[in-house]
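Thanks for asking me to look this one over. My notes follow as numbered points, starting with the charges.

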Amino acid sequence: MSMFSKLKQFKDLKDRAKQIQDALSQETAEGAAGWGKVKVVINGNQKVLTVSIDDSVMGDKTKLQEMIVEATNDAIGKIQRVM
């Protein structure tokens, strides 16, 4: 295999990976905790897009932190099923 064909093969793989990454960025999943009082939306590249927090849970920092973790993990689980 010539050096040129190896480089072309590498470029083709890189282009394909970029296409997959672009497609995954279009997929989203929402995770929730605390009966929907905390919501996290992520994309297929597992990048957090939004976090929504209901005012009623703002007073308990420890519980809020737990709900953010739970909602994020819920969203990750959902997007992994989509992928």
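1. The chain carries 13 positive and 11 negative charges, and their mean positions lie 9 Å apart. Lys and Arg are counted as positive and Asp and Glu as negative, leaving out His and the chain ends. Each charge is placed at NZ of Lys, CZ of Arg, CG of Asp or CD of Glu.

2. A word on the basis: this is a predicted model, in which local features need pLDDT of at least 70 and side-chain atom pairs count only at pLDDT 80 or more, while totals for chains, interfaces and linings use all residues. Residues are numbered from 1 along each chain as its sequence is written, and side-chain values use heavy atoms, with hydrogens and water left out.

3. The chain has two helices and three strands, arranged along the sequence as α-β-β-β-α. These elements are DSSP runs numbered from the N terminus (helices: H or I, at least four residues; strands: E, at least two).

4. On overall dimensions, the radius of gyration is 19 Å, whereas a compact globule of 83 residues would have one near 12 Å. That radius is taken over C-alpha atoms, and the globule rule is 2.2 Å times the number of residues to the power 0.38. The C-alpha trace spans about 65 × 20 × 15 Å along its principal axes.

5. Of the 83 residues, 20% are buried (under 20% relative accessible area; exposed is over 50% and partly exposed in between, with a 1.4 Å probe and protein chains only). The accessible surface is about 6300 Å², with 55% belonging to carbon and sulfur atoms; areas come from the Shrake-Rupley method with a 1.4 Å probe, and for residues only the protein chains shown count as cover.

6. How many salt bridges does the structure hold? There are four, each defined by a side-chain nitrogen of Lys or Arg within 4 Å of a carboxyl oxygen of Asp or Glu.

7. Helix α1 (residues 3-26) contains K11 and D15, four residues apart and so separated by about one helical turn. Their side chains form a salt bridge at 2.8 Å, N to O, and D15 is partly exposed at 35% relative accessibility. Also in helix α1, D22 and K18 are four residues apart, about one turn, and meet in a salt bridge at 2.9 Å, N to O. Both are partly exposed, D22 at 35% and K18 at 46%.

8. In helix α2 (residues 61-82), D74 and K78 are likewise four residues apart, about one helical turn. Their closest N and O atoms are 3.5 Å apart in a salt bridge. D74 is partly exposed at 25% relative accessibility, as is K78 at 32%.
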